[in-house]
Amino acid sequence: EASTAEGPVSVEGDRVILATGSGALELPGLPVDHTHILTSDDALALDRVPASIAIVGGGVIGCELAFIYQAFGSKVTVVEGQNRLLPLPSVDADMSALLQREMKKRRIGCELGRTLKDVRVEGGMVIKEPTPAQRKEPPIEAETVLVTVGRAPNTAGLGLAEAGVAVDGRGWIRADEHMRTSLPGVYAVGDALGPSRIMLAHVAAA
């Protein structure tokens with residue numbers, strides 16, 4: 001059953017494909033306001049180039065946006081909680097070091113082993129002062145903060161459990177190599193499958 005503006009509509013088919021995608025994750029200590037503190041989705045729809053940007057999360061999305069906005073003319077700083085960029089099992093440390101060198105060449109700031117939360121917005125700037133325990137760390141100031149700490153599945157409210165479609169502990173749909181879910185006749189593609197697959201639109205299309 002599908003919900004429409006005119007009300008519920010029953011839809012029949014030999015096969016069903018679930019392609020509900022994902023949404024940006026948010027951090028409890030860094031509430032997104034879509035004005036100064038943005039998601040990666042917001043970053044793709046900006047009508048201006050901020051003079052300065054702090055990107056929280058040195059994963060694939062954060063690093064990609066860092067190079068894009070630096071090329072546009074922003075002063076960019078990447079803040080990553082772990083001790084290297086792209087802290088993924090599929091990426092070795094040499095690749096992380098190479099990427100960090102490329103950032104340095106382009107004057108992209110890189111703050112590793114550091115988190116960004118409990119910020120304040122003042123005079124059109126987002127400001128993070130170091131705590132007493134972080135007194136050796138410089139303050140971070142930026143016109144805009146991009147939160148790029150990952151994605152979450154858009155599967156809530158679909159009734160997957162009731163229908164018998166298996167998901168993992170985070171809500172990502174489980175599917176085999178042929179995109180078949182645990183419910184016969186129901187398939188899943190794209191971001192709804194989660195980071196165990198390649199989360200790119202052209203992969204979903206294929």
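Which residue forms a salt bridge with R151, and how far apart are the closest N and O atoms? The partner is D41, with the closest N and O atoms 3.1 Å apart. The model is predicted: local features need pLDDT of at least 70, side-chain atom pairs count only at pLDDT 80 or more, and totals for chains, interfaces and linings use all residues. Residues are numbered from 1 along each chain as its sequence is written, and side-chain values use heavy atoms, with hydrogens and water left out.

**View 1. Salt bridge between R151 and D41.** A salt bridge is a side-chain nitrogen of Lys or Arg within 4 Å of a carboxyl oxygen of Asp or Glu. R151 belongs to strand β13 (residues 151-153) and D41 to helix α1 (residues 40-43), so this pair ties together parts 110 residues apart in sequence. Helices (H or I, at least four residues) and strands (E, at least two) are DSSP runs, numbered from the N terminus. R151 is buried at 16% relative accessibility, whereas D41 is partly exposed at 37%. Buried means under 20% relative accessible area, exposed over 50%, and partly exposed in between (1.4 Å probe, protein chains only).

**View 2. Salt-bridge network of E102, K105 and R106.** E102 bridges to K105, with the closest N and O atoms 3.0 Å apart, and to R106, where that distance is 2.8 Å. K105 and E102 both lie in helix α3 (residues 93-105), three residues apart, about one turn of the helix. K105 is exposed at 63% relative accessibility; E102 is partly exposed at 22%, and R106 is partly exposed at 36%.

View 3. The search of the whole structure finds one aromatic pair. The ring centres of Y69 and F72 are 5.6 Å apart and the planes stand at 85 degrees, so the pair is edge-to-face. Rings of Phe, Tyr and Trp (its six-membered ring) pair if their centres lie within 6.5 Å; planes under 30 degrees apart count as stacked, over 60 as edge-to-face and the rest as tilted. Y69 is buried, with a relative accessible area of 5%, while F72 is exposed at 52%.

**View 4. Surroundings of T181.** T181 sits in the loop between α4 (160-163) and β14 (186-188) and is buried at 11% relative accessibility. Its side chain reaches the backbone oxygen of V186 at 2.8 Å. Beyond neighbours within four places in sequence, T181 is in contact (heavy atoms within 4.5 Å) with residues including V165, I173 and Y187.

Conventions:
Polar contact = N/O pair within 3.5 Å; in protein donor to acceptor, adjacent residues only side chain to side chain.
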